[in-house]
Amino acid sequence: MMNDFDDILEKTFRDNKAIFEEDAPPGHFERFEQRLNQQHIRPFYRQRKFYLRVAAAVVFVLLVGNQVRMYMDRPAEQPATLSSVSPEYREAEFYYTTSIDEGMRHWKRLTADGEISQEEQDMMKQEIAEFDATYKRLQEELAANPEDERVINAMLELYQTRLSIINLIINKLEDIKKLKENNHDESEI
């Protein structure tokens, strides 16, 4: 088999001897040189592809990182309040919260003055905790039914009740404090 191939190859050379002995066609070496130069450009082309892939990977990683950051920085859902219903309810809520805060500051001053016993402080903490729990339940109901007037009225009544109780207790404590001061002044005379 090998001999057949050698014979065919030798016969091909012999038959085409005249072609192989001819000079190269005009411009052959210039075209060959151009092709060699083009081969030098190809590695740069391949490098460009590599850099494009790296750039695409970097952009992809940045986009994924941005999406993760946006997901992590997502603001926590705000609980539903009367302020979210309408501007009028916002004003009412502002009035009640500032009044209740003022009452609680007064309560803390009386506590610091020693006018309130530990038992009374514990009772007030328990009342506040119950009000807070009820308010949270109402916030959940308001979030589920933002237009429900019953829930809105219940929240307003809760604010009123809480403010009334705080004011009632503080007024009683102030009266007791004044009586103590008057008795102390009379005993000195």
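Predicted model: local features only at pLDDT ≥ 70, side-chain atom pairs only at ≥ 80, totals over all residues.
Reader: Is F60, a member of a nonpolar surface patch, buried or exposed?

Author: F60 lies in helix α3, which covers residues 28–72. Together with V61, V64, V68, Y71 and M72, F60 forms a nonpolar patch on the surface, with about 660 Å² of accessible area together. Because the relative accessible area of F60 is 55% and the cut-off is over 50%, F60 counts as exposed.

Reader: What share of residues 50–68 is helix?

Author: The UniProt annotation "transmembrane region", from an unreviewed entry, covers residues 50–68. The end C-alpha atoms of this span lie 27 Å apart.

Reader: What distance does helix α4 reach from its first C-alpha to its last?

Author: Helix α4 spans residues 87–112 and has 26 residues. At 1.5 Å a residue, 38 Å is expected. The distance in the model is close to that value, at 37 Å.

Reader: Which residue forms a salt bridge with D113, and how many residues apart in sequence are the parts tied together?

Author: The closest N and O atoms of the pair are 3.6 Å apart, and the partner of D113 is K177. D113 lies in the loop between α4 and α5, whereas K177 lies in helix α6, so the pair ties together parts that are 64 residues apart in sequence. K177 is buried, with a relative accessible area of 18%. The answers are therefore K177 and 64 residues.

How values were computed: Residues numbered from 1 in each chain as written. Heavy atoms only, no water. Patch = residues over 30% accessible without salt bridge, like charges linked within 9 Å, V, L, I, M, F, W, Y side chains within 5 Å. Areas by Shrake-Rupley, 256 points an atom, 1.4 Å probe, with all protein chains shown as cover. Salt bridge = Lys/Arg side-chain N within 4 Å of Asp/Glu carboxyl O. Helix = DSSP H or I, 4+ residues; strand = E, 2+ residues; numbered from the N terminus. Buried < 20%, exposed > 50% of the residue type's maximum accessible area, 1.4 Å probe, protein only. Expected span 1.5 Å × (residues − 1). UniProt positions renumbered as here; feature names shortened; annotations may be inferred.
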